[in-house]
Amino acid sequence: MKYLENRKYVIQGIFLLVGVVYALRLFYIQVVDSSYKQAAETNAIKTIIQYPFRGLIYDRKGKLLVQNTPVYDLMVIPKEVKQLDTLRLSNLLQLPLEDIRERLKKARTFSYVQPSIFYQKLTTQDFAHIQDNLIDFPGFYINARTARGYPHQSLAHALGYIAEISPKQLEDSTYQGYRPGDYIGKSGIELEYENFLMGKRGVKYKMVNVRGIEKGPFKDGAYDTLSVAGENLVSTIDLDLQAYGEFLMNGAKGSVVAIEPSTGEVLAYVSSPFYDPNLFTGKDYGKNYMSLLSDPNKTMFNRPIMASSNPPGSIFKLAQALIALQDGIITPNTGFPCNQSLVKCSHAHQAPTDLSIAIKTSCNPYFYQVFRAVVNQGKSGNTFKDTAIGLGDWREKITSFGFGTKLGIDLPNEKQGIIASPAMYNKIYGENRWKFSTIYSLSIGQGELGVTPLQMANFMATIANRGYYVTPHIIRSIGENGKPLPEYQQKHYAAVEARHFEPVIEGMAQVVSSGTGRNASLEKLGIAVCGKTGTAENPQGKDHAVFVAFAPRENPKIAIAVYVENAGFGAQSAAPIAGLMIEKYLTDSVSRKSMEQWVLSRKYLEID
């Protein structure tokens, strides 16, 4: 009996112990641990993303290029949507009924409990129209943010645009930290400097009642975080010069690139046809984008850095001369007869008795013989091998000017162009099956050559600097008092000594003062312009017009390349544009109004 009595006490003790454990657990849950309480509160908390102000972009004189304008996104939390009147919402937003259903389906697919964008980029007027009605649509609310705006209509290709991050990008670890609905740079400066411009997102937590009406901040904002604005950028662009270049090129196809030689700063960056960057803002962004993308004139094509298949034409003769001088093949006083049985000249001219005259007259037979002497230096008794050796050495020097390689400008999608090589000809003809007579068209800038307008302008900067260039760049500083990235402060030297540049520059000065570049002359203003015209053969139609220049001759301030597609001789179209832009930049005015009218008339397009 005593055994049974002891067992009774044991059982009672077990029950008592279990009761104490449950009591202690309940006390811990209700008093000590607040996680359950927080979980309950979460159902009445709305998370609002605070989008940062994206960094602004200025021109070199402090004029605003890219600003932020207020827009509003209509957000939705599918779980909170109750008895949705889709027809009324359709009328309120002026969207098709099927579109309303599709957007809601997309939101549910993303998350049933997390907010997502239902309708983006509402204007202030749109917001005013719908805000008073949102109380009747539980689960919907407005989130304010900023979008890009432009107080001008210029520089679209360089500035680029922003758009909503794509699902594919969200899957890429490179874009870790972005969320659906975030905006990101898609092209141009916006893409290249995304990490500086984007800023840091913040968040606010607000208490709401069952109808979604805000009741104040959660925990007095203790858990809120502030957004951090992106860095402002100061560009190298002169907006006035840029706008003038677009004014001159409006109605023509081609490019204008202007560079400050001593710094590599891009002063103007014209890709024509161009478009108003404001087309990529607001609700019609998608429609405008597709319209431009399908434009047969290739308006979206970024010509200054992507038009890489066009031959340079006669401007390449300047490089041929410099290499020949460096190799000791010629001197400034070397003359060659204008033997048109070798290659034809496009016009009659005085005998090229020295290098400067040959450059001034752009004598094809002269540079044919110069190039032949450079390529065939007798380094091998086999003419095929000798040509291959010579072409390889020539190519090494040519690429030192920035041709045939990406210069590294701070814009995406730059192309490297084409510079002929022994490997290229071996692939086409077979090893030891080609020689100078196969490749002689390279001597006058034709054949297997392709350069971008940016490379042409950079070539002019190299000559203006007497042998070096600074990597072209379009952002002067990150932050108003900052500096460009280190890679845009380095000098790159060509494989030609500085002493060889003066005779070439003298020839370029004569081109403008009394040769084919007279339409670019600013002699009456006391400004010495050095330049070279060119005509790039085009098998698909009318030839392309080219003109490159720098000014003044001493202490140059601007180097420029103008490439006008299907415009014939560079003297008639490209040279006047270059001259007008140089005058505009150096004097802040344009005195030659008759020349301006000639350019705008586009009569040069009618000349055969």
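A contact here means heavy atoms within 4.5 Å. The structure is a predicted model, in which local features need pLDDT of at least 70, side-chain atom pairs count only at pLDDT 80 or more, and totals for chains, interfaces and linings use all residues. Residues are numbered from 1 along each chain as its sequence is written, and side-chain values use heavy atoms, with hydrogens and water left out.

**Confidence**

- The protein has a mean pLDDT (the predictor's confidence in each residue, from 0 to 100) of 89, and 92% of its residues reach 70 or more.
- In residues 39-43 the pLDDT falls below 50, and this stretch has 3 contacts in the model beyond near neighbours in sequence.

**A buried asparagine**

- Asn458 lies in helix H19 (residues 453-464); helices (H or I, at least four residues) and strands (E, at least two) are DSSP runs, numbered from the N terminus.
- At 1% relative accessibility, Asn458 is buried, where buried means under 20% relative accessible area, exposed over 50% and partly exposed in between, with a 1.4 Å probe and protein chains only.
- Leaving out residues up to four places away in sequence, Asn458 touches Ile259, Phe401, Leu407, Tyr469, Val470 and Pro472.

**Cavities**

- The whole structure contains 3 cavities of 30 Å³ or more.
- A cavity is a set of points, on a 1 Å grid over the protein atoms alone, where a 1.4 Å probe fits but cannot get out; lining residues have an atom within 4 Å of a point.
- Grid points are joined across faces, edges and corners, and a volume is the space filled by probe spheres set on the points.
- The volume of the largest cavity is about 40 Å³.
- Its lining consists of Ile323, Asp327, Val374, Gln377, Lys379, Gly390, Asp393, Trp394 and Lys397.
- Helix H13 (316-327) and helix H16 (383-399) are the elements that give two or more residues to this lining, and H16 gives the most, with 4 residues.
- By class, the lining of the largest cavity has 3 nonpolar, 2 polar and 4 charged residues.
- In that division Ala, Val, Leu, Ile, Met, Phe, Trp, Tyr, Cys and Pro count as nonpolar, Asp, Glu, Lys and Arg as charged, and the others, Gly among them, as polar.

**Cysteines**

- With a disulfide taken as a pair of cysteine sulfur atoms within 2.5 Å, the count comes to 0.
- Cys338 is in no disulfide, and the nearest cysteine sulfur, that of Cys363, is 3.6 Å away; Cys338 is partly exposed, with a relative accessible area of 29%.
- Cys345 is also in no disulfide, and the nearest cysteine sulfur, that of Cys338, is 3.9 Å away; Cys345 counts as buried at 14% relative accessibility.

**Backbone geometry**

- Ser272 and Pro273 are joined by a cis peptide bond with omega of about 10°, and Pro273 is in the loop between strand S12 (265-272) and helix H11 (285-293).
- Another cis peptide bond, with omega of about -15°, joins Ala551 and Pro552; Pro552 is in the loop between strand S19 (544-551) and strand S20 (558-564).
- Asn432 is not a glycine but has a positive phi of about 60°.
- The loop that holds Asn432 runs between helix H17 (422-429) and helix H18 (436-439), and at 33% relative accessibility Asn432 is partly exposed.
- Asp588, also not a glycine, has a positive phi of about 60° and lies in the loop between helix H21 (574-587) and helix H22 (593-601).

Terms used
On a 1 Å grid over the protein atoms alone, a cavity is a set of points where a 1.4 Å probe fits but cannot get out, and a pocket is an open set with protein on both sides within 12 Å along at least five of seven lines; lining residues have an atom within 4 Å of a point.
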